[in-house]
Amino acid sequence: MFDLNSLLRDNIKRLTPYSSARDEYKGEASVYLDANENSFGSPLPVSYHRYPDPLQWKVKYRLADIKGVPPQNIFLGNGSDEAIDILYRAFCRPGIDNVILCPPTYGMYEVSANINDAIIRKASLTEDFQLDLEAIEAAIDENTKMIFICSPNNPTANAIDKESIEMVLNNFDGIVVVDEAYINFSKHKSLIQELTEYPNLVILQTLSKAWGLAALRMGMAFASEDIINIFNKIKPPYNINQASQELALEALNNVEQVNAWIKETVEERNRLTGELAKLAIVEKVYPSDANFLLVKTTDAKGIYGSLVEKGIIVRDRSKVELCAGCLRITIGTPDENVTLLQALQNITR
Ligand SMILES: *Cc1c(COP(=O)(O)O)cnc(C)c1O
């Protein structure tokens, strides 16, 4: 049985969170002398002299509308990376508890585990980049607190079968983190509507990819209210600054623009897949549910270098497990993709 309380570290269970001035008095007033701000204003044309809303309710209400989940089930972090770090701090006793990672996958799960001294157990994906359920089962012990599943997965670009994710959710009593950073580009549905069914599910999404706001640093976690309350207890009081909250709110009113870009990205992805497959230097273009392609080549390092010489930068993933010979290529604008293809056509090795 899933029991959130028994998963939590004792220090977090006992923690009295920081209480800010804005936590203590939440109403409207005409004179605010409670937070030691500069009462005169800020040296900017817009006003930034007040601390921002610690729980970012305006952004969350807008996201709730878009995502179809209540605002109380949303956490906002300084990038998804903050959500990942908080999960480790909440659940993993340093040097004792372990997490299961399924490589090849997003590097931050491992870095964050190492920072927090959580033990890493690896259950590599299968040859076709799906979960190895037997390996996962074998890796679980009484100190396993979390399993990270990235779907669509970075760098392999494919979505993980929903049935196998649900198998893990149904049979593992720890936290299952499903990172959906690339879900907007996938033909597979988000698990977000399944939140009410799985108290152990944490879904990560981000404004950094489809939403075009990588520089804003805003990641989202969706989970039960109990888990979101834990996030809120641990996070720095004002983890999302006022400028980011305002800009996110403005951007979230531009769903049509974002959807148009997603559609165009998927069209370009399909076109690029076909064109790349024709090249002699390309052995395989893996199917993609994301805004990038994993491409197996005859000579990843050499091709990478030739592209750099032409001012085109891709990611060499050839040293990554199961990705020998592979480059990871982000889908560009139609012009950028033409430039890339022309450059690759001139490489004959
Ligand atoms: C890019 C990416 C993210 C986004 O991280 P942010 O900190 O929100 O920018 C998260 N997960 C995966 C798998 C990614 O590739």
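**Entry 1: the sheet**

I started with the sheet in this predicted model. I found 4 strands in an open sheet, in the order S8-S9-S11-S10, with antiparallel pairing. As a reminder to myself, strands of a sheet pair through backbone hydrogen bonds, and that can be parallel or antiparallel.

Which strands sit at the edges? I looked them up: S8 (282–285) and S10 (315–316), each pairing on one side only.

Next I zoomed in on S8 and its partner S9 (residues 292–297). I counted 3 bridges in this antiparallel pair. I also checked Val-285, and its bridge partner in S9 is Val-295.

**Entry 2: a helix on the sheet**

What packs on the sheet? I got helix H12 (residues 300–309), which touches S9, S10 and S11 (326–330). I noted the direction of H12 too: about 35° from that of S11.

**Entry 3: two helices**

Then I moved to H4 (residues 57–67) and H10 (residues 242–251). Their axes come within 9 Å and cross at roughly 25°. Angles under 35 degrees count as roughly parallel, so I wrote down H4 as roughly parallel to H10. I looked up the handedness as well: H4 passes H10 in a left-handed crossing.

Which residues make the contact? On the H4 side I listed Lys-58, Val-59 and Arg-62, and on the H10 side Gln-245, Ala-248 and Leu-249. I sorted the residues of this H4–H10 contact by type and got 3 nonpolar, 1 polar and 2 charged.

How values were computed. Residues are numbered from 1 along each chain as its sequence is written. This is a predicted model: local features need pLDDT of at least 70, side-chain atom pairs count only at pLDDT 80 or more; totals for chains, interfaces and linings use all residues. Side-chain values use heavy atoms; hydrogens and water are left out. Axes are lines fitted to C-alpha atoms, for helices over the stretch in contact, and angles run from 0 to 180 degrees between N-to-C directions. Angles under 35 degrees count as roughly parallel, over 145 as roughly antiparallel, 65 to 115 as roughly perpendicular and the rest as oblique. A crossing is left-handed if the near helix is turned anticlockwise from the far one by less than a right angle, and right-handed if clockwise. Contact means heavy atoms within 4.5 Å. Ala, Val, Leu, Ile, Met, Phe, Trp, Tyr, Cys and Pro count as nonpolar, Asp, Glu, Lys and Arg as charged, and the others, Gly among them, as polar. Two strands pair if DSSP finds at least two bridges between them.
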